[in-house]
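Have your viewer open and your selection tool ready. We will hop from one spot to the next, and at each stop you will hear what to select and what is there.

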Amino acid sequence: MSNENTQEQNRTTAIHVDGMFQNWFLDYASYVILERAVPSVDDGLKPVQRRILHAMYEMDDGRFHKVANVIGQTMQYHPHGDASIGEALVNIGQKELLFDTQGNWGDYRTGDSAAAPRYIEVRLSKFAKEVVFNPDITEWQMSYDGRKKEPVTLPIKFPLLLSQGADGIAVGLSTKILPHNFVELCEASINYLQGKRYRLLPDFPTGGFVDVSEYNKGERGGKVKIRARIEVVDKKTLAIREIPFGTTTGSLIESILKAQEKGKIKIKKVVDNTAKDVEVLIELAPGADPDVTVDALYAFTDCQISVSVNACVIVNDKPRFMNVHEILEYSTERTKSLLKRELEIKLNELNEKWHFSSLEKIFIEKRIYRNIEECETWEDVLDTIDKGLKPYKKHFRREITPDDIIRLTEIKIKRISRYDSLRADEEIKAIEEEIKKVSYHLEHLTEYAVAHFEDLIKKYGKGRERKTEVRGFEEIEVKQVAANNARLYVNRAEGFFGTGLRKDEFVCECSDLDDIIVFTRSGKMMVSRLGEKKFAGKDIIHIAVWRRNDERTAYNMAYYDGASKRTYVKRFHVTGVTRDKEYDLTQGAPGSKVLYFTANPNSESERVRVQLHPNCTARIKEFEFDFGTIEIKGRNANGNILTKYPVRKIELIEKGKSSIGGIPLWFDEKFGRLVTEEKEKTTYLGEFNTGDQIIVAYKNGEIELTNFELTNKYDTDELVAIEKFLPEKIYSAVYYDGDKKEFYVKRFQVELKTERYRTSIITEHPRSVLHIFTGKPEPWVKFNILKGKAKEKTEVEVKLSDIVDVKGWKALGNRLTPYEVSGKVYEVNKLPDEVEIGTTLELEVNPKSGLPGKQGELF
């Protein structure tokens, strides 16, 4: 019996512990969520931040306080020690909105920590005093030890949560809210109150670029991509001026050095010159292309990071996932409600002030105070004053209470003797005006809330302009920008290839991210990731770096089929494969072998000479074959029969033209890139073959030639024109001469030979600007001129070939017009039926200027 009781007690104890674990874990999880990690949607603060602000408000006397003192004061409300308080306090101070700071507060850009709390000082900013606090409308609760009162939430009249951002990890959930721009938040609140549409995008104190295409209003599952601002100083140097949010110059440099060690980028050294402004200089290795290196920095280092957003906040003591628009609207409505409560309190105070001022006026002017001289008891005094006020009670806005009468008795004789009736009337009138004003604001609360946000912009918006530029990011092909950090070798006879066969044949430099394609004499093909040593099959006839979806490289092949004893020819692409899988390019019969094989980057056809075996019965034992006569098909196709007789040798006579033409290219105006597909905001440049070039013109008057590599990058902000370069073409330019303050026209042939070498085609004055650069045969332009004393504006159009002949490209050119030009000069697209090529305008020539138009009048 005793054993049964013991077992029963054990079971009871086990159930009890299990229950305690469940309850305690839930209590702990709730506590961490509500009291530690997740901010409240009401004021945008975590408890530690709220307690710091409350402690500083209690301490505030307008002067700076030691941070150590603030931490000590906050510990009366926060039960988790000085370390968490100090960290939170420094974090708020570095955001430079709620605090005025003094001393070394660290640097979020470099990761430098703040000085010890005893050495740095802080006080509330003017913004915080105006927007954050109002004890009259604050809800209070007892502190953790019951000794003090602390606010449940602070009456903040601004979307602070979205301005400061927040992140925290709780039990079972986390929050990540990105910071937004101060002015844009106020403007968004105004637009919301006025029923207009608005858009909220993150803005970071570190600047840089942000791609918000997947931001999704900050909802859970959204993300943003953030990039550093990298400037190409010259061909040998890059400069990072702004860094991604969440990184430091130290962590950024560390990631760059790691990428260098892995061979992903080619650089010589990195120098951190950060002081007032961020400056990280990157010196490139000899031969490294600056644009490709910039892309590689984005691809392989922390110069580009991705940040996932997860807006979780506390609403009515429960965690809730919201988007930034919902948070802003909640905050704006709460601000409107707080403003209403403040106005109601102010109106009540004004009514009370008016009430007592009116009582005092009647009490003194009607000499009611004299009636109490003969009263013997306190009750008689109060009754006498009440009777004296009775004829005037109907003029008051509320009932006269005993407290009002007692207050009248407290007026000093000195005030009664010096009472100024006229001044009292003015004060009452001023109070009445103020009451009308407050009442109006209450009736038009939305307009008052709009004015509140407009006032915040006016007072505190200066210097808080957007720092992060919003732009879309193009997808960077990692393999294209990866530096060649490996060397590929091959042992053709044994069938091995890789980076470790240094005693064998060198193939090419490549990246460790590359795929390698291998063909063998037996007609087998395999694609494999680059490794130290791999086997593909004996007697390798071709090995190269392979690009997926490459539809330009065509393979020309002739093979002997062991079953039919015939020789076949075929042309094919290899666009997609399974890595390390062996593919048979013949018909699979034993004894099949490849007789001729070439890889052609632009699908060039070939003319070959076929020699048959001298002992065969064929009448013609040597003939020519053109691969251009057969179509390019899939790699599994059998091909066409070349001959049924045994072949002794096949040799190349000449390379033919590309079977698929040049590469069609478009210029993507959004990203400043060359692309192979037409998209939104792209300009067609033409088809490009080997040796073709692109000519680029910039606003500062410089032009340059470039190749047509897809890794090229062009500055769209400075770009005037980009097109396919033809050496024989006549190019036209219109530019403004900053020295002579006139527009000039010139037509010339470009004599540049070196790629990526810029040269100027306009005058060197700093205000000289290139307006138009075009290779059209007969370009027209339009502009406005100011004529006569009245400066009458007239629009004119002119063909540039009528103004100036073709001259050397260094020539100054001719004046566009002798008149003052108003605004810019624009190119006009004339259709063929509007203007025939070769026709001229019938215009008189100005004998003074040599330009079309009579003397003293143009056109």
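Two strands pair if DSSP finds at least two bridges between them. Strands (E, at least two residues) and helices (H or I, at least four residues) are DSSP runs, numbered from the N terminus. This is a predicted model, in which local features need pLDDT of at least 70 and side-chain atom pairs count only at pLDDT 80 or more, while totals for chains, interfaces and linings use all residues. Residues are numbered from 1 along each chain as its sequence is written, and side-chain values use heavy atoms, with hydrogens and water left out.

**Stop one: a three-stranded sheet**

Select F667 and you will find it opposite T683 in β36. Now show β34 (residues 663-668), which is joined to β36 by 6 bridges and runs antiparallel to it. Zoom out: the open sheet has 3 strands in the order β35-β34-β36, with antiparallel pairing. Its edge strands, each pairing on one side only, are β35 (673-675) and β36 (682-688).

**Stop two: a hairpin**

Next, select residues 780-787 for β44 and 792-799 for β45; 8 bridges join these antiparallel strands. K782 has E797 in β45 as its bridge partner. What lies between β44 and β45? There are 4 residues between them in this hairpin, and G788 in the turn has a positive phi of about 70°.

**Stop three: crossing helices**

Move to α11 (residues 378-389) and α12 (residues 402-409), whose axes come within 10 Å and cross at roughly 105°. Axes are lines fitted to C-alpha atoms, for helices over the stretch in contact, and angles run from 0 to 180 degrees between N-to-C directions. α11 and α12 are therefore roughly perpendicular to each other (65 to 115 degrees). For the contact (heavy atoms within 4.5 Å), select W378, V381, L382, I385, D386 and L389 in α11, which meet I405, I406, L408 and T409 in α12.

**Stop four: a helix with buried residues**

Finish at α7 (residues 182-193), whose 12 residues should span 16 Å at 1.5 Å a residue; the end C-alpha atoms are 17 Å apart, which agrees. The expected span is 1.5 Å times one less than the number of residues. Which residues of α7 are buried? They are F182, V183, L185, C186, A188, S189, I190 and L193, where buried means under 20% relative accessible area (1.4 Å probe, protein chains only). Show their packing partners too: α5 (126-131), α6 (160-164), α10 (324-365) and α15 (445-460).

Technical notes: Angles under 35 degrees count as roughly parallel, over 145 as roughly antiparallel, 65 to 115 as roughly perpendicular and the rest as oblique. Buried means under 20% relative accessible area, exposed over 50%, partly exposed in between (1.4 Å probe, protein chains only).
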